[in-house]
Amino acid sequence: MALTVQVVQCRGTPFDIGRQQARIFLRSAKGMAFAKRRNAPLPAWFDFASQERAFTRYCPALWQEIGGLAEGLSIPMEKAAFHFGNGGWRVPLGGCSATITDKAYVRNYDFTVRHYSARFALVQPQGSYASIGGAELLTGRLDGMNEHGLCIGLHLVRRAPRVPGLLAIVLIRMVLDQCATTAEAVSLMRRTPHAMRYNFSILDAHGSAAVVEAAPGMVAVRTGPWLACTNHFQSPLMRSFNRNAGHSIGRLPPLERWAKEGLDASALFMAFNQSTSPAFHHGYLRGAGTLHTLACEPKQRKMILGVGGDAAKLRPNPLEIDFAPR
């Protein structure tokens, strides 16, 4: 399936980045559709005060970015917080597979084309770390890498129940903005409230890897010289929170084999992104097709982004990003 993503670049204060994102968004088909319905009333259940408290406590820079979006889109702050904050759209995020070694982080993001934002953002906010990642609701991230080489991605475990707390896409953005190492990312995950059940796969430039298994009120961490991660909890403490995990468990063996073999980022990219790969999925009409592949070398601050399958055979796909200082 042919896919196209938009790559945007923004820098400045968080408020400036919000305004820049708004201008770019309004030129897109989704942005034009949003502009037509931006006067729709907010649902009665939306609690703006709780959103403001959460953002100002845990990620105040993102709250400023949402303020920039409000100004750029000519909407009240309440509507900006609803649509681009921590809980307005009930976003159903998909299945994902990742392999992590001490030198490489590679993952596929699998979901439906209909709900795919098809947007990658390179941002350099004042007071936060620069990063590139798959954008969701403009401010959130599905995955990415920051200027320190820290890589992270989300893996949905279960959609329900959902409780008050921070969405996974907000947590990913917080890690990219605020953390330089895996230890810092794990600490952030431990001290923030999780709204849903997710795995978070993480690798830093020092070769420290972790999978954070998170549910409301509980977090477990897996570490090791290599790791593989799909859409179920593996820690004994967390297994009772899994849904029917048969398909997720079935995807693990090749990911674990590639990790044990110590394949480099280029070889892992090919292993994940080839349309014949056991890690690549074609269920676009059934709910989970592979939409993009990320292959990162944190120590070198390099990322390869492939959109759709067999990206190595296409031009200008894949895209290579280099964060290394010059």
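Me: Is Asp 16 buried, partly exposed or exposed?
Reply: This is a predicted model, in which local features need pLDDT of at least 70, side-chain atom pairs count only at pLDDT 80 or more, and totals for chains, interfaces and linings use all residues. Residues are numbered from 1 along each chain as its sequence is written, and side-chain values use heavy atoms, with hydrogens and water left out. Buried means under 20% relative accessible area, exposed over 50%, and partly exposed in between (1.4 Å probe, protein chains only). The relative accessible area of Asp 16 is 23%, so this residue is partly exposed.

Me: With which residue does Arg 19 form a salt bridge at 2.9 Å?
Reply: A salt bridge is a side-chain nitrogen of Lys or Arg within 4 Å of a carboxyl oxygen of Asp or Glu. The closest N and O atoms are 2.9 Å apart, and the partner is Asp 16.

Me: Which residues are linked with Arg 19 in a network of salt bridges?
Reply: By this rule the structure has seven salt bridges. Arg 19 is linked in a network with Asp 16 and Glu 71.

Me: How far from Glu 136 is the nearest side chain of opposite charge?
Reply: Glu 136 is buried yet has no salt bridge. Lys and Arg count as positive and Asp and Glu as negative, while His and the chain ends are not counted. The nearest side chain of opposite charge is Lys 30, at 7.1 Å.
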